[in-house]
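Please find below my note on the structure.

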Amino acid sequence: MLLDGQCPVYGSGGLMRHVDKYLYEGESVLIPRKGTLNNVMIVHGRFWTVDTMFYSKERVPGAARYAYFMLKRMDLASMNAGSAVPSMTTKILSAIPILMPSEALLSDLKTWSDSIFRLIEISRLEKERLIELRDRLLPKLMSGEIDVSKIELPMRPNNHFRVSNSNPLVQKLFSEVLLEERGGEGCPDNARGGRRG
């Protein structure tokens, strides 16, 4: 039986919960076996998967990332083997032709993408913390256990559309895109790099 803990549990829909045990530790590509077949993920560290998800064991450094990038480009849903529930099989996955680069190239890929995946992991952890915080605070706010009615928040100017880049071309492109999205109406003055006309 799995108890609550620190190790993430993944299903074909994504993160489900955290438990006290792990199935595998390392970098791994998770491929949905049932359900949302295109929801291919890459994970790092200790994790557990439910029976709707395949996981991989990396034999060569960089191979998991290469497999992840290749599989994300494919429409796995079109390879569905199920009738009622979308399903994937190891037979189908094993039959997918993939050009395998040399170990040196895989190593280069890993080195090149380390900083990218580090940022992705930091963002994922931050998102999980925010979700946990929301789930703890929202019931207390709804029940009145926490009262925020008397808290005064400073009013920030409505400058969230401001373009920080001073390049005139960027300013013009940004203002044109924003005007198109708003149908040419209601665009804040500080977002316009100039009027169209």
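**Notes on salt bridges and fold**

1. Lysine 110 is partly exposed, at 26% relative accessibility (buried means under 20% relative accessible area, exposed over 50%, partly exposed in between; 1.4 Å probe, protein chains only). Aspartate 114 is also partly exposed, at 24%. The two form a salt bridge with their closest N and O atoms 3.5 Å apart (a side-chain nitrogen of Lys or Arg within 4 Å of a carboxyl oxygen of Asp or Glu). Both lie in helix 3 (residues 103-143), 4 residues apart, about one turn of the helix. Salt bridges that share partners join Lys110 and Asp114 with Glu27 and Arg65 into one network.

2. The model is predicted: local features need pLDDT of at least 70 and side-chain atom pairs pLDDT 80 or more, while totals for chains, interfaces and linings use all residues. Residues are numbered from 1 along each chain as its sequence is written, and side-chain values use heavy atoms, leaving out hydrogens and water.

3. Glutamate 27 and arginine 65 meet in a salt bridge at 3.1 Å, N to O. Glutamate 27 lies in the loop between strand 3 (24-25) and strand 4 (28-32) and arginine 65 in helix 1 (residues 63-72), so the pair ties together parts 38 residues apart in sequence. Glutamate 27 is buried at 11% relative accessibility, and arginine 65 is buried at 4%.

4. The protein chain has 4 helices and 7 strands (DSSP runs numbered from the N terminus: helices H or I, at least four residues; strands E, at least two). Of its 197 residues, 26% count as buried.
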